[in-house]
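Trainee: I am new to this structure and would like to learn how to read its features. Could we go through it together?

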Amino acid sequence: MTDPLWFKDAVFYELHVKAFHDGNGDGIGDFRGLIEKLDYLEWLGVTCLWLLPFFPSPLRDDGYDVANYVSIAPDYGSLEDFREFLDEAHKRGMRVIVDLVLNHTSDQHPWFQEARSSPQSAKRDYYVWSDTDKRYQKARIIFIDTEKSNWTWDPVAQAYYWHRFFSHQPDLNYDNPVLQQAMLDIMSFWLDQGLDGFRCDAVPYLFEREGTICENLPETHAYLKKIRKRIDEAYQGRILLAEANQWPADVRPYFGEGDEFHMAFHFPLMPRLFLGVRSEDWHPIVDMFTHTPPIPDNCQWCLFLRNHDELTLEMCAGEERDYMYYAYARDPLMRRNIGIARRLAPLLDNDRRKIELLNSLVFTLPGSPIIYYGDEIGMGDNVHLGDRNGVRTPMQWSADRNGGFSKTDPSKLYLPAISDSVYGFNVTNVESQRQAPHSLLHWMRQMIARRKQQPAFGRGALTFLRPKNDRVLAHIREHGGNLLLLVHNLAGSAQSVDLDLGPFEGRVPVELLGGSRFPVISKRPYVLSLAPYGFYWFNLEQKPGDDLSYGMEGSVL
Ligand code: GLC
Ligand code: CA
């Protein structure tokens, strides 16, 4: 039987079917195209794919506006194509989770069309209606750059409907037990196809209660526990991953007593990783972990640098938010909502050292890492595209037409491919990086492989060493007697650091990538030198091994 805690050792990869590979040449990625690229993902070493919504949708929120939960958008293929894709992924040892958009539907969903048509309609109570737009005034507006209110007047229904996101995304009414059951059935539909779980979208907002901010309500947790119960009863080994863009203390309840979500993204940590490297200081990163409560043993954080949305600054206030904008989005074109709509490589000035450093942090801090498609080759963005489309452009496979994404006329692509002189597909693509042994792609592949060899990364306890040199972040991961020491220079200049490794006296740090043995640890401060943005992954081995003899040496003839 497979380990139900597999997700703790997993390396996740987020992709949009639309953006990955076009199998039929119409300019839109599809499941047939994705199947052709599974060998690549297997080669890279990722073990769980997260697919963005691929359901029929008017695409006014890139598929998060679902118009039918139990079907595939025809542009992406058929249910058979999906099943074949799932089989092929499973054959290669990869699991697959998809988005479950619980909070809202598209206004084009037949439920909403029926609901608005008459107060007597059976679906009326699937949504949240009101005669006034003054209810739930304490709830904030999430998409502040496009929405003015959480209520929109519907002339057909002759009533206001509630929505936490775009006004074309009416919120579902979880006070309605029939709707609750309908969403459970949708979940079962996909799990019955063999799916390995869900990334559950926007979970804090399921219920509304007067006088509250309408986030993280006890009623919401109670419903989420029902979902989990269904998984535990009928779908062992499948997982639920929460999108709750909240402070750690507010995310903690989403794990329940190990009876709600298996995983949750660590939203507040993400901008602190960028802050840490920009300010050359470990405090923002370490402080975030002091704010992070312990989670049950059967749960796991999901760590990420970028995703399909803007780099959200909702969990940064005041000076930190200002600094992030100043440091990473000086051009207003780069800003979206409360955040920055750029990809990893351009955020880090395409500096290979910084890209590796930040990836190394998400690979070594507690949690399972998730890679956003294209970031493994350092893809760029296009800030001139509207909404968050600038980070959703076609995957760059080669220097061929459309970056090898599609054979179609470039004007027919769902979004233009990146073609500038630094990040364009002519220079930045999978084919060229596979041929170059020292490319970012090969580096990512190697780090993924190394990480998978050390269960302590996914499962180990964490201790920060807090050296006096605040430019060097040092932490220990420990699991079953295995000790890893991770040291990261957050600065753009060479650094020396004294580490107090007294408790590990007698052990020998063995560098995990090259296998070199470092001086044995004593009571004295352990001195390390690090190149700009340099880092080490060490295994602290128990005893100096016996000297190995090689070749002719030592042999008795
Ligand atoms: C989530 C998604 C985002 C979407 C929003 C509304 O935050 O990540 O892309 O716009 O939900 O559905
Ligand atoms: Ca296609």
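Mentor: We shall look at the surroundings of two ligands in turn. This is a predicted model, in which local features need pLDDT of at least 70 and side-chain atom pairs count only at pLDDT 80 or more, while totals for chains, interfaces and linings use all residues. Residues are numbered from 1 along each chain as its sequence is written, chains are lettered from A and ligands numbered from 1 in the order in which they are written, and side-chain values use heavy atoms, leaving out hydrogens and water.

Trainee: Which residues come nearest to ligand 1?

Mentor: A residue is near a molecule if one of its heavy atoms lies within 4 Å of it. Here, 13 residues are around ligand 1, and Asp61, His104, Asp201, Glu243 and Asp309 come nearest.

Trainee: Which side chain has a polar atom 3.0 Å from an oxygen atom of ligand 1?

Mentor: A polar contact here is a pair of N or O atoms within 3.5 Å. That side chain belongs to Arg388, while His104 has a side-chain N or O atom 2.8 Å from an oxygen of ligand 1, and for a polar side-chain atom of His308 the distance to a ligand 1 oxygen is 2.8 Å.

Trainee: Which residues coordinate the calcium ion (ligand 2)?

Mentor: Donors are N, O and S atoms within 2.8 Å of the metal (3.2 Å for Na, K and Ca), and water is not among the atoms, so sites may look incomplete. The calcium ion is coordinated at 2.2 to 2.4 Å by Asp22 (OD), Asn24 (OD1), Asp26 (OD), Ile28 (O) and Asp30 (OD).

Trainee: Is Asp30 buried or exposed?

Mentor: Buried means under 20% relative accessible area, exposed over 50%, and partly exposed in between (1.4 Å probe, protein chains only). Asp30 counts as buried because its relative accessibility is 3%, whereas Asp26, at 30%, is partly exposed.

Conventions. Polar contact = N/O pair within 3.5 Å; in protein donor to acceptor, adjacent residues only side chain to side chain.
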